[in-house]
Amino acid sequence: MVNPWKTYVKLSAVLMGSHGLTKGSLAFLNYPAQLMFKSTKVLPVMVMGAFIPGLRRKYPAHEYISAILLVVGLILFTLADAQTSPNFSVVGVVMVTGALVMDSFLGNLQEAIFTLNPETTQMEMLFCSTVVGLPFLIPPMVLTGELFKAWNSCSQHLYVYGVLVFEAMATFIGQVSVLSLIAIFGAATTAMVTTARKAVTLLLSYLIFTKPLTEQHGTGLLLIAMGITLKLLPMPVDSKPGYKRVSSSVASEETRNGPEVEEKNNLV
């Protein structure tokens, strides 16, 4: 470990809050509506990045425009979903909004840890935040009785254990990949990448469960696609927030000048 435990206590509290509100909102929203809300995570992540100590990110104008397109597309889709889906509630919207706030802290906190301490590994962050987060989950599960219900259900349907193991393996691979993206490209870019992945999940949901797609749904999805495409447009190296690629000339200069240049280029 290269970071103190108190760092992971803060990170785990935000992580558990995000997961708890996200999963809990499914009791009031259908999955596509919740998914679209979560897809706008990139906007609060970008805004919060300007206030997190150690980051103070500033993004170019076209990235904010792409985020706005994403939000507008979400609003259109949500309004259409409220007309066609019975599983829609203001309580669910409030819960998933709280999850978005938690997510805006989460991604930037993870990026700040990688930035302030480049020796931090993805394995350390994933393991420590999960281990510390376990005590946050056990008390509410015991108080609500969910832990005992889940235990009894798994005992009656043993195949669930296999499903849980497979899901844990898939989650591990996904989390390590996301943390690697955060360490290399930053929280905002990672949020956009995960949004693209969620769009595929959304379309599969409508295809598998044969839910009605209206023109308003299509317009919302089109705006989201435009936002993602705009984010993928290349920008000058000098305007990239926070991270710089090191050329061979810079590398040779590091060799000649030693720690001084290395200190200036501590994020590669």
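Axes here are lines fitted to C-alpha atoms, for helices over the stretch in contact, and angles run from 0 to 180 degrees between N-to-C directions. I took helices (H or I, at least four residues) from DSSP runs, numbered from the N terminus.

I noted that this is a predicted model, where local features need pLDDT of at least 70, side-chain atom pairs count only at pLDDT 80 or more, and totals for chains, interfaces and linings use all residues. Residues are numbered from 1 along each chain as its sequence is written, and side-chain values use heavy atoms, without hydrogens and water.

**Entry 1: α1 and α5.** I looked up helix α1 (residues 5–25) against helix α5 (residues 90–116). They pack at about 150°, and their axes are 8 Å apart. The two are therefore roughly antiparallel (angles over 145 degrees). Their crossing is left-handed (the near helix is turned anticlockwise from the far one by less than a right angle). Contact means heavy atoms within 4.5 Å. L11, V14 and L15 are among the α1 residues that meet α5, whose side includes M95, V96 and D103.

**Entry 2: α6 and α8.** I then checked helix α6 (residues 122–144) and helix α8 (residues 159–185). Their angle is about 125°, with axes 9 Å apart. From α6, Q122, M123, M125 and L126 meet α8 residues including F172 and L179.

**Entry 3: the record.** I read the unreviewed UniProt entry. Its "transmembrane region" annotation covers residues 64–82, 88–109, 121–138 and 158–188. Such annotations may be inferred rather than shown by experiment. Over residues 158–188 I found 94% helix and 0% strand, with the end C-alpha atoms 40 Å apart.

Terms used: Parallel < 35°, antiparallel > 145°, perpendicular 65-115°, else oblique.
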